[in-house]
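Me: I am about to look at a structure and would like to go through it carefully, one question at a time.

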Amino acid sequence: MNLWTLVWRNLLRRRGRFVFTLAGISMGMAAFVALMTIGQGLTKEIKKQAQGLGANLVVTPKGWCAYEQISVLTGEQLPEAIPMPELEKIRGVAGVKSAIPYLNEKTAFRNQPVPVIGVWPEEMRTLQKWAIESGRYFNSPVERAVVVGSAIAKQFKLQPGDTFTVRGEPLPVIGVLREAGTKNDIATFIPLPLAQQIYGVQDKVSFIAVQVTDLERMEAVSLKIQEVANVAVVSDKQLLASVLSIVGTVGTAMQAVAAVGVLAAAFGIVNTLLTAVYERRREIGILQAIGSTRRTLFLAFMFESGLYGLLGGILGTAIGGLSAYLFGPYLTDNAFTASLRQAPMPTLDNGTVLLALGFSVCLALLAGLYPAYRAARLSPVEAMRYV
Amino acid sequence: MSEAVIELEKVSKTYGSGSAETKAVSEVSMTVEHGGWVAIMGPSGHGKSTLLQLIGGLDRPSDGRIVVDGTELATLGATELAALRARRIGFVFQFFNLLPHLTALENIEIALWLGGTKNTNGRAMDLLERFGLGDKARHLPGMLSGGQQQRVAIARALANDPGILLMDEPTGNLDSASEGDLLTLLSDLNAAGKTLLMVTHNPVVAQCAHRVLHVKDGRIVSDARNREH
């Protein structure tokens, strides 16, 4: 016999109450862990996409909102707003190594929306360090053909020689890109002039990715671009910070809601334990009569509470991790993150597990303090009245 | 004359204050010798159980001095009082008061654990066998008869080999056969040197004790030695 045996027996006495209290803390923790895991997965993925951009500066039309800036990373369809002459001005700025235009559009293929990106073939290949998995790359900057990302090829079972339709225009698939783990995997690429012709946006592009010759002079180059052209410029870091700030704010808000759920569950523990103290007054009296100290009674209730936290934390982390894995991709499937669906699944890391378990146990111990104090302070004679 | 193991000197216990003041025990002085067997009788609500609680250190007197086994209780803190109850005093109650979710064996083990014994299982089993309940070790209290439960309760009270047993109506909930068995058991324990102090309403039970104290309105009104002892 030891304290754990006593605590464990007490815990299992009212199985229904035990299960429901545990369910409360488990569900709260599951929501907390799932949202945290999904948020972390999303952040990781966005960072990866930002790296995949391969640019130091992103030139956008003036007055773009955060949503449109984020879309640069996610590959969403964008308004065609920068005239080509502006591109030429930017290319002429000292310190600009390369300025590559993107025309981000969408088409419906076999009733599914598919991103179509108009690019300068050779510049893009150099910037993105693309490798061809099968078939070949564009031979000329005006070739009427399409190169598809690896995930798109897999999804639609496309091979070189097949036909891909862009806005009703049948184009031969000439190559499939090697999987890169970025949004490029779920996009299709055609030469920019062809894209402009098909979408009827002659002389306009969505945004321009700029590489600078000297990172130290990035700020100066950015200012110069804004001086010579009627555009806005954000650095890749600013872009990332802006996206992460939005995702972070949403994530924190969701986690706060989940934390309120855990807090409510903690009150459930308080309630369960206070009821237990009330029900066990007689037994507390007996234990005092046979030599239990106040410390032992206090510890017994604290351990009971801590066990709720530990078991609830373990169950909640497992359920939360599994939920994030199963439902995470759907939960993050919104306008901001549509293209991240192909991203690796959110995975539960050790830090999250430890944080969740620590949070759950600490909160449960806090919840147990008052009931344990009540049990320990119960006067033996008061308790003996129920004997 | 044997040495006194329980000494009370002008002990009073008052509950409430002002017009609601109730004196449960009023200036009681008494001694119980080592190896003695004392029965306390009296009407309900006249302070018998309060007296037992004061002697067991479950409550503190409003006035007076209590010495148990050579220790003045007023000098002990809550933890030391708990240690006294764990090792030097055994409590037995009318309604047995076993912990309902623990087996007979565990009910004894818990007392041993509270008394600081490490190998609780072996000693608890020995005690159960000594009280003829070896085959009931895994039974929950609800599966035992009143007599069996009371024997488990006494085994629990004796777990840490205390010198003093404080009993509140130990036969109050037993049939006459079980009552007889229990009195034989108490007699054996007393013969083995245990000091017994019991509250009872039953004159037959009180007759087994060496001395019978009568309590009325919180005072000892008579202290008689039984002839056969």
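Me: In chain B, what share of the contacts with a separation of 6 or more comes from residues 24 or more positions apart?

Reply: This is a predicted model, in which local features need pLDDT of at least 70 and side-chain atom pairs count only at pLDDT 80 or more, while totals for chains, interfaces and linings use all residues. Residues are numbered from 1 along each chain as its sequence is written, and chains are lettered from A and ligands numbered from 1 in the order in which they are written. Two residues are in contact if their C-beta atoms, placed from the backbone, lie within 7 Å. Among the contacts in chain B with a separation of 6 or more, the share from residues 24 or more positions apart is 69%.

Me: Is chain A spread out or compact, judged by its radius of gyration?

Reply: Chain A has 13 helices and 12 strands, where helices (H or I, at least four residues) and strands (E, at least two) are DSSP runs numbered from the N terminus. The radius of gyration is taken over C-alpha atoms, and the globule rule is 2.2 Å times the number of residues to the power 0.38. For the 387 residues of chain A the rule gives 21 Å, and the radius of gyration is 30 Å, well over that value, so chain A is more spread out than a compact globule.

Me: What is the radius of gyration of chain B?

Reply: Chain B has 7 helices and 10 strands, and its C-alpha trace spans about 50 × 40 × 40 Å along its principal axes. The globule rule gives 17 Å for its 229 residues, and chain B is as compact as a globular protein of that length, because its radius of gyration is close to that value, at 17 Å.

Me: How many residues of chain A are in contact with chain B?

Reply: On the side of chain B that touches chain A, α2 (78-87) and α3 (104-114) of chain B each supply at least two residues. From chain B, 26 residues take part, and the number of chain A residues that they contact is 18.
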